[in-house]
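This briefing is for a reader meeting the structure for the first time.

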Amino acid sequence: MLRYTLGIIWMALLITKSEAQIADIDLKDIALKHQSLFENKRNIILSKSYDQKLDSIIEFNFNESTQKWDQPFCKQKFTYNDKLEEVLWIYSSWDSSVTDWNQLMKDEMKYDQEGNLAGFVTYVKGIDKQWKEFIKEDYRYDTKNKLKQTNCFSWKYSSNQWVETEQVKYSYDNEGKLLKDSLLQWSLQTEDWIKSSKNDYTYIPTGKQHYIYHSVYNQELSVWEEDEYTWYLYTYSYAQLISKTVFHKYDEEWKRHEMEAYSRGDRGEINGNKTVVWDYSEEQPNFDVMQSQFEYDYEMSSDEVLFPYYFRNPEALFYHHKIIHNNLYKKEEESTDMVQYRREDYFYSTIGKSTGIIKEQFNTIKVYPNPATGYITVECLEIKQQFCVELYNVIGSKVFEKQINTTIETLDVSFLRPGIYFYSVIINNHQQQSGKIIIN
């Protein structure tokens with residue numbers, strides 16, 4: 001699926017300059033961060049006992065005025081349904097001129113009766129600030145709920161309809177391990193599906209990935225030609241992953257192209273990575289692309305945290321515990337030093353439990369005035385129990401919290417800066433109502 005995703009990235013860049021006109025931000029970076037959502041949808045098992053769910057990831061730049069990593073840059077937001085299935089992903093950039101998030105791209109997901117991810121539709125913001133269809137994928141499964149085929153579509157603006165462009169077919173061994181995925185493309189000349197490329201997978205005795213061989217189909221000679229392979233290197237004794245190296249065929253010789261090496265903490269889990277690109281001519285490392293270093297709350301394992309689908313596939317090596325931060329580094333120009341250029345913060349919320357409050361009561365919660373100046377009033381006239389009011393700023397930080405024992409309460413918010421805030425009314429650890437409020 002990486003091949004298809006990269007094609008989509010460049011389509012997005014073209015649309016940016018024409019019909020969609022997305023804001024000036026690196027769409028390639030967006031798609032690369034999000035691509036693994038649909039690269040591996042096999043054997044994803046959802047726990048029934050999650051305590052928290054990941055709601056958003058916000059990237060921050062360094063703020064010279066505060067000397068902290070608190071200058072918002074971009075955000076990924078995740079929404080789930082009652083079955084704890086991710087149904088919406090939204091990517092936004094920070095607009096400092098209006099001190100608010102500017103939504104750029106979103107995915108809407110759907111599921112089949114077995115709970116399998118049945119497909120998604122990607123939308124981008126157009127010139128008119130409305131969502132425009134962009135790409136779509138549909139998934140088909142076998143009787144064992146193994147993904148057997150992906151159908152890929154692009155939105156054709158001239159005819160205002162979806163056009164199928166690619167198909168990916170998957171095959172497995174008797175143990176359910178992926179052996180091959182084959183990409184077919186629709187040919188306008190022959191009006192038929194033609195072979196395009198394929199990946200062949202091999203494994204070490206423990207069942208972990210060993211090699212992935214990528215080949216392209218030579219239409220003239222009707223043969224497969226191998227042009228890339230990925231090698232997974234493990235320790236001998238514990239079979240722990242050390243690195244992943246990509247080799248390209250260069251002048252009929254295999255040359256190292258890129259390596260991702262992994263670091264581990266005291267507990268043995270992978271907690272960071274470093275990506276290096278090779279210089280073909282000198283056969284030595286050329287430059288570091290990126291380095292990540294994660295910080296965790298080791299009191300909460302991944303079995304207790306609901307992460308979106310694309311963090312729960314076999315390639316998501318960092319999601320073994322609740323992640324708090326991810327520090328991003330890159331090499332300084334004309335230097336061997338790695339410097340931090342951004343930080344990702346992960347924001348979670350408690351998964352609600354049943355409260356016994358009837359649904360009609362939700363509408364009895366009122367928060368006013370809006371806009372407000374100095375004070376806001378919260379009314380819960382028909383709910384005869386303690387509740388909590390929380391206020392968050394636009395970057396997701398909690399700025400106010402108060403437990404309330406009466407049915408109506410006036411809250412002093414004069415200490416808050418003017419701007420947009422989001423409120424949550426929580427009863428028995430379950431969010432009953434949320435909304436946006438403006439404070440002048």
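Leaving aside neighbours within four places in sequence, Asp 345 is in contact (heavy atoms within 4.5 Å) with Ser 56, Ile 57, Ile 58, Phe 60, Ile 324 and His 325. This is a predicted model, in which local features need pLDDT of at least 70 and side-chain atom pairs count only at pLDDT 80 or more, while totals for chains, interfaces and linings use all residues. Residues are numbered from 1 along each chain as its sequence is written, and side-chain values use heavy atoms, with hydrogens and water left out.

**Asp 345**
- Asp 345 lies in strand S19, residues 338–350, where strands are DSSP runs (E, at least two residues) numbered from the N terminus.
- Asp 345 has a relative accessible area of 9% and is therefore buried (under 20%, with exposed over 50% and partly exposed in between, using a 1.4 Å probe and protein chains only).

**A three-stranded sheet**
- An open sheet has the order S20-S21-S24 with antiparallel pairing, and its edge strands, S20 (365–368) and S24 (408–412), each pair on one side only.
- Two strands pair if DSSP finds at least two bridges between them; S20 and S21 (residues 375–380) have four.
- Lys 366 stands opposite Glu 379 in S21.

**Backbone features in loops**
- Cis peptide bonds join Tyr 368 to Pro 369, with omega about -10 degrees, and Asn 370 to Pro 371, with omega about 10 degrees.
- Pro 369 lies in the loop between S20 and S21, and Pro 371 is also placed in the loop between S20 and S21.
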